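Visitor: I have the sequence and the model open side by side. Walk me through it, one question at a time.

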Amino acid sequence: MVQKEKKLWIYNLFPRLFGKIENWKSQIDRIGWMGFKVLFINPISPCGSSRSIYAILNPKVISSEYGTIEQFKEFLNRCHKEGIEVWLDLVANHIAIDSPLIKEHPDWIVWEGNHPKNPGCMDNGQWVSWKDLAQYNHSNPSLIAYLKSVIEYWLWIGVDGFRADYAYGIPPEVWKELISHAHLVNSKVKFFGEALGCPPEQVVSIAKSGFDFMASSIFWWDGRQPWWPEQRALFQKESIKLIGFPESHDTERCASYEEALLKLQQAYDQSDGILIPAGFEFGFRRKLDVVKTTPQWWHEEMPGRWNLSLKIRQLALGTSL
């Protein structure tokens, strides 16, 4: 048995795939056995009329779709007893277009005429506007104070860290202020920034705002083009720790067992941590969907096309047979 370097292993518990918090509890032993030390959970707050989990109405409330805050606290305590940290998605760039916060605090929002500005992203060279979202105005100190209170709320509940959704949409100086404030509440809190598709220099700028980890673009590397080794060398020079993934809720599922193994090994070899979305280990076919996914998908997909649980455990423990 050969000893290998241990890395951070993160399991993405996609809330809509598992449903009620009571169902989450039944997954803890299995996830812990595979060697995961962190659970990353996508937004669990009530969502707007689009039903996207990223179109949040109120970020300081847990949706009844999953349960109560007391049940979530019990879940956190159970994870902590098993030595597993829980990181929550932090959506600090935007709010649901139908959130009451827009009427209550219009100065927190960027406006285009009489309408809130929609954020968006470049997709295959074209700008895609997210019509169900309203862009926060990060130049407003009152909004920054509110975002600090959101972070405080979830830290007081017991979460251990945050994955910063759309981190590149927020000025680095704002992240520096938010992360510094979080450390006043919990000095051990971790921040993981999502900046996929950004120029490497922008990733460096965001990371230096206080992020412990940044998302890695290794998923898109074909193993031949020079762009990834060049990026990796820059990030290593800047002491930036990277989280890679074989799949995510934004990507299609792996088409074959061979592709899944290749992507898993590639993420392991090239990153400082590995994020595995729920269902990857069993070869689920359907891409996780921020609107459509339901717990029924889990039952319809199981037992899956394959089972990589043992392979993941071996890598997570830093050994190979």
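Visitor: Leaving aside neighbours within four places in sequence, which residues is Trp227 in contact with?

Guide: Keep in mind that this is a predicted model: local features need pLDDT of at least 70, side-chain atom pairs count only at pLDDT 80 or more, and totals for chains, interfaces and linings use all residues. Residues are numbered from 1 along each chain as its sequence is written, and side-chain values use heavy atoms, with hydrogens and water left out. Contact means heavy atoms within 4.5 Å. With neighbours within four places in sequence set aside, Trp227 is in contact with Ser217, Trp220 and Trp221.

Visitor: And what is the relative accessibility of Trp227?

Guide: Trp227 sits in helix H9, residues 227–237; helices here are DSSP runs of H or I with at least four residues, strands are runs of E with at least two, and both are numbered from the N terminus. On the scale used, buried is under 20% relative accessible area, exposed is over 50%, and partly exposed is in between (1.4 Å probe, protein chains only). Trp227 counts as partly exposed, at 26%.

Visitor: How wide an arc do the buried residues of H9 cover around the axis?

Guide: The buried ones in H9 are Trp228, Gln231, Arg232 and Phe235. The arc is taken from the directions that run from the helix axis to the C-beta atoms. These residues sit on the same side of H9 because their arc is only 100°.

Visitor: Which residues are exposed on the other side of H9?

Guide: The buried residues of H9 have cover that includes helix H8 (200–207), S14 and H10. Turn to the other side of H9 and the exposed residues are Glu230 and Lys237.

Visitor: What do the buried residues of H10 pack against?

Guide: H10 covers residues 257–270, and its 14 residues reach 20 Å from first C-alpha to last, close to the 20 Å expected at 1.5 Å a residue. That expected span is 1.5 Å times one less than the number of residues. Buried in H10 are Ala260, Lys263, Leu264, Gln266, Ala267 and Tyr268. They pack against S2, strand S14 (242–244), strand S15 (273–277) and H12.

Visitor: Over to H4: within what arc do its buried residues fall?

Guide: H4 has 13 residues (69–81), which should span 18 Å at 1.5 Å a residue, and that agrees with end C-alpha atoms 18 Å apart. Its buried residues are Ile69, Phe72, Phe75, Leu76 and Cys79. They line one face of the helix, because seen down the axis of H4 they fall within an arc of 110°.

Visitor: How far apart in space are Trp154 and Trp87, C-alpha to C-alpha?

Guide: Trp154 belongs to helix H6 and is buried, with a relative accessible area of 3%. Not counting residues up to four places away in sequence, Trp154 touches a list that includes Ile44, Pro59, Ile69, Phe72, Leu88 and Phe162. Trp154 and Trp87 are 67 residues apart in sequence, while their C-alpha distance in space is 9.9 Å.

Visitor: What is the handedness of the crossing of H6 and H7?

Guide: H6 (residues 141–157) and H7 (residues 172–185) pack at about 35° with axes 10 Å apart; the axes are lines fitted to C-alpha atoms, for helices over the stretch in contact, and angles run from 0 to 180 degrees between N-to-C directions. The H6 side of the contact includes Ile144, Leu147 and Ile151, and the H7 side includes Val174, Leu178 and His181. A crossing is left-handed if the near helix is turned anticlockwise from the far one by less than a right angle, and right-handed if clockwise. This crossing is right-handed.

Visitor: Is Tyr166 buried or exposed?

Guide: Tyr166 lies in the loop between strand S11 (161–164) and H7. Its phi is near 50°, positive in a residue other than glycine. With a relative accessible area of 8%, Tyr166 is buried.

Visitor: What is the relative accessible area of Arg51?

Guide: Arg51 is in the loop between S3 and H4. Though not a glycine, Arg51 has a positive phi of about 70°. Arg51 is partly exposed, at 41%.
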